Amino acid sequence: MAYLKVKVYARPLIPLLLALMTGIVADLWLPDLSGIFLASATVFLFCLLFVSKKQKSRLLPLFLFFSLGYLSLQSWTSPRLPANHVSRFADDRPWHIIGTLDRDPERFPDRTRFVLKAESLTRKDVSYKASGAVRVTVRGRVDDLRSGDRVACFARLKGIRNFNNPGGFDYRRYLAFRGICTSASVSRESFVIRLHPVKTCSLGHVIDHSRQAVSSLIDKATSNAECGVRSAECGMEARGSRSSTGKRANGPTECGVRSPECGMEAKGSRSLTGKRANGPTAQRDVNGIMKALLIGDRSSVTPEIRDVFNRIGIAHLLAISGLHIGIVATLAFLAFRFILARSQRVLLVAWPTKGAALLSLFPVLFYGFLAGMSPSTQRAVIMVTVFLMALLFDKERDTINTLALAALVILIISPTALFEISFQLSFTAVFAILYMLKHLPFVIELRGGPPALYKRLALFLFVSAAAILGTLPITLYYFNQTSLIGVLTNCIMVPLIGFLVVPAGLLAVLFLPVATTMALWIMKGAIVILEGGMGLAIFFSKWPFAAVKTVTPTLIEIGLYYALAWVLFNFRQTRRARPLLIGLALVVLADVGYWVNERYGRRELRMTVIDVGQGSSALMELPGGPCILADGGGFYDNRFDIGAWVVGPLLWKRKIATVEILILSHPQTDHLNGLLFIARHFNVREVWMNQEPADTRPYREFLKILSERDVRVVGLKDLVRPRMINGVRFQVLYPPVDFLERKAENIWRTPNNNSLVLKVSFQDVSFLVPGDIEAEAEKELISLARTTLKSNVLLVPHHGSGGSSTPEFLKCVDPDIGVISTGWKNRFGFPRQKTLKRYQAQGCRIFRTDRQGAITITTDGKYLTVRPFVL
């Protein structure tokens, strides 16, 4: 116990940090209890009058930091917005908006996104002064905008909405923590006009200008490198090629021009990952990675490259953290000490080391701001600053206490950082490394022995393993994936990128103000090394066992993981370790038992109509555990992957890794696109579909995934006979088996009208899932299966359109409950009022995903319970 007391008081910042974090989390979960909090605080302070002075000195700081944490988040969880706040004008209609860019835009191949500080809103010659931030998305690239520019745009203003599903990502809170309560969409880049560029000379704009200069250097280096390497392929240096002016020339054309002759940016080009794409190419991949490594700009890093880094466990390299800041600090410290050591006066006062430590603070801080000051960058800057100040004042350094100080400073300045993934991963990884280094004796022996190469390698392997194990539950919680080769790849990629690419890039940045040509050649060298490293990364990522997808751990399970780790590391030092270990083991067994019963012990049929916006997706969890997913939702351009961000996470949070059957009602994007991710990342055994061909990229990709993963495709001929699965009867009622042959003579047989119509029956309760059929198909369906249509629950056909749900169809189905899957204020105006009136006249109770979120219907075969996510 004496040992424990010494350790606690040697690091007083740790309990203060925990108190602050507890207060922040308490306000997130209980945001509207300010009055109760103040009353409780008063009672607590009154009770402190009756305790000893020693106890006061312990409890009072903890209480103050808890209070600070609780109150600091109030402005985000319970904001008091002014009357002219832009969110009060969000009516999903166009406005002329004038404002100032809060930061540099994020540019993607097909769109541009930026945050605008609103100044005024105008409609029909009536202008209103406005305040607050708007997140503006422009369809197309806008290249001439910079932070601080004053711009005008014609945009549709709307509030922020979530996909309201159990355990879903809270996008509204995510943006609210960034001070954004409103979004705007601009249909064309020509609708954005820069009124005048920024002309101020503040530190912020100096940093923005520096970021732009580094970005331009990387653009030139990657463009020139690509032109040189692929000159033979592109023909850019061939005699008779065209220049950028369109004239024939005998010499080389202008580098970096995206010409048809070159084909480097043309449709069908290949990225580093080897996949054909319309936009990303090898040049852009390397360009985006280099910008992420040097200035923290990850907007140009393609999803394919992010997936490569995640699969092999090196995603942390894309975040500017201790490695980058440490390089800058080391180079600056060595350079300043070398210079100061040349001065006799400085030597006489023994100040070369202290002076170098003091002067090194300035490049460290400047580079931190240049890199965007993400949470990982802030943590590294604060820790390096503390170490340099310790050198200056001859103080002993405690790394864990320094880490706690860095977290305290960040959370006091920005309490919402606690909920940032980068904050959680960065601090957890560093703490895990430091904690394990101090608690494992064999590591201490390695560090204290002779500097043999194999011992250094063993230490490096240990550090990589400590970071991976320390962040494992957080990684699984957010990404549902862990790398199995992370220890190996970190040993190769961290030295390659961290000790070669990054230092070379930073050296190029150092030469940029004084020797542009030298900086360009150094940057080219860094890019050549990076291309080689990316080749290795892609090679490793293609290993079939490189990474595994997993279900989502609960917060309780994450807590159990860290509690078990603490007990194991302190088993010898703590007398209560054995009973604690037994208690934790019992809780783990109880948790496993709960989920086994939840997944495989259920005796009810549960259908969840998922909120996927303007689309449709329904999950059926059968008695005994089998799962069936009918459609996957999706957007027409698949810019936002519904499967990856909505449907998949919902399945993982319910501990579902296997979907026995996927059902595709028809191959339109709002039903198909979300299934691509599910088919690729889940264990799928069968796919039921009408097999109507569709000449679209998503459908071709879907068939390719099924073929690669050896998934059995079941067509209409095999679905004519009903199937029984764990007591649930599945019957496909429509379309006719020969519908493809009859398409030529019946022009109404569109993809919507050819949707699979599925009836699901469990004892006395039945569901009808009719896809997007409309009046003509409903009429034919009635003629084919009139006596079979009656159902308790109807998923309203075609999202409640006016051309479906005919009176005769509703009379045959006679549903008690109707569920409409549709998007909030969608452009089609679904559901139509006349359709809603038909259901009202039929006496059917309607639930809507656009208003009530996911609709969960549970039945034991006799009774139904309906639970909307939003009450």
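What is the mean pLDDT of the chain, and what percentage of its residues reach 70 or more? This is a predicted model, and its mean pLDDT is 84, with 87% of the residues at 70 or more. Two stretches call for some care: residues 1-9 and residues 228-270. Below is a friendly tour of the model, grouped by topic.

**Confidence**
- Residues 1-9 have a pLDDT below 50, and beyond near neighbours in sequence this stretch has two contacts in the model.
- Residues 228-270 also stay under 50 in pLDDT, and for them the model has 70 contacts beyond four places in sequence.
- Where pLDDT is low, the predicted coordinates should not be read in detail.

**A nonpolar surface patch**
- Trp 29, Leu 30, Leu 33, Ile 36 and Leu 555 make up a nonpolar patch on the surface, and together they have about 540 Å² of accessible area.
- One of these residues, Leu 30, sits in the loop between helix H2 (13-29) and helix H3 (34-48).
- Leu 30 counts as partly exposed because its relative accessibility is 46%.

- The side chain of Ser 360 comes to 3.2 Å from the backbone nitrogen of Phe 333.
- Once neighbours within four places in sequence are set aside, Ser 360 contacts Ala 329, Ala 332, Phe 333, Phe 336 and Leu 388.

**Backbone geometry worth a look**
- Most residues other than glycine have a negative phi, and most peptide bonds are trans.
- The peptide bond from Tyr 734 to Pro 735 is cis, with omega near 5°; Pro 735 belongs to the loop between strand S20 (728-734) and strand S21 (757-762).
- A cis peptide bond also runs from Phe 830 to Pro 831, with omega near -5°, and Pro 831 is in the loop between strand S24 (817-820) and helix H29 (833-842).
- Lys 825 is placed in the loop between S24 and H29, and its phi is positive, near 50°.
- Asn 726 has a positive phi near 50°; this residue lies in the loop between strand S19 (723-725) and S20, and at 42% relative accessibility Asn 726 counts as partly exposed.

**Salt bridges**
- Side chains of opposite charge can pair when their charged atoms come close.
- The count for this model comes to 26 salt bridges.
- Asp 695 and Arg 700 meet at 2.7 Å, N to O; Asp 695 is exposed at 71% relative accessibility, whereas Arg 700 is partly exposed at 45%.
- Glu 780 and Arg 749 form a salt bridge at 2.8 Å, N to O. This pair links distant parts of the chain, 31 residues apart, with Glu 780 in helix H27 (residues 775-785) and Arg 749 in the loop between S20 and S21.
- Asp 764 pairs with Lys 862, their closest N and O atoms being 3.8 Å apart. Asp 764 lies in the loop between S21 and strand S22 (765-769) and Lys 862 in the loop between strand S26 (855-859) and strand S27 (864-868), so the pair ties together parts that are 98 residues apart in sequence.
- Asp 764 is exposed, with 55% relative accessible area, and Lys 862 is exposed, with 54%.

Technical notes: Residues numbered from 1 in each chain as written. Predicted model: local features only at pLDDT ≥ 70, side-chain atom pairs only at ≥ 80, totals over all residues. Heavy atoms only, no water. Patch = residues over 30% accessible without salt bridge, like charges linked within 9 Å, V, L, I, M, F, W, Y side chains within 5 Å. Areas by Shrake-Rupley, 256 points an atom, 1.4 Å probe, with all protein chains shown as cover. Salt bridge = Lys/Arg side-chain N within 4 Å of Asp/Glu carboxyl O. Helix = DSSP H or I, 4+ residues; strand = E, 2+ residues; numbered from the N terminus. Buried < 20%, exposed > 50% of the residue type's maximum accessible area, 1.4 Å probe, protein only. Polar contact = N/O pair within 3.5 Å; in protein donor to acceptor, adjacent residues only side chain to side chain. Contact = heavy atoms within 4.5 Å. pLDDT = per-residue confidence, 0-100.
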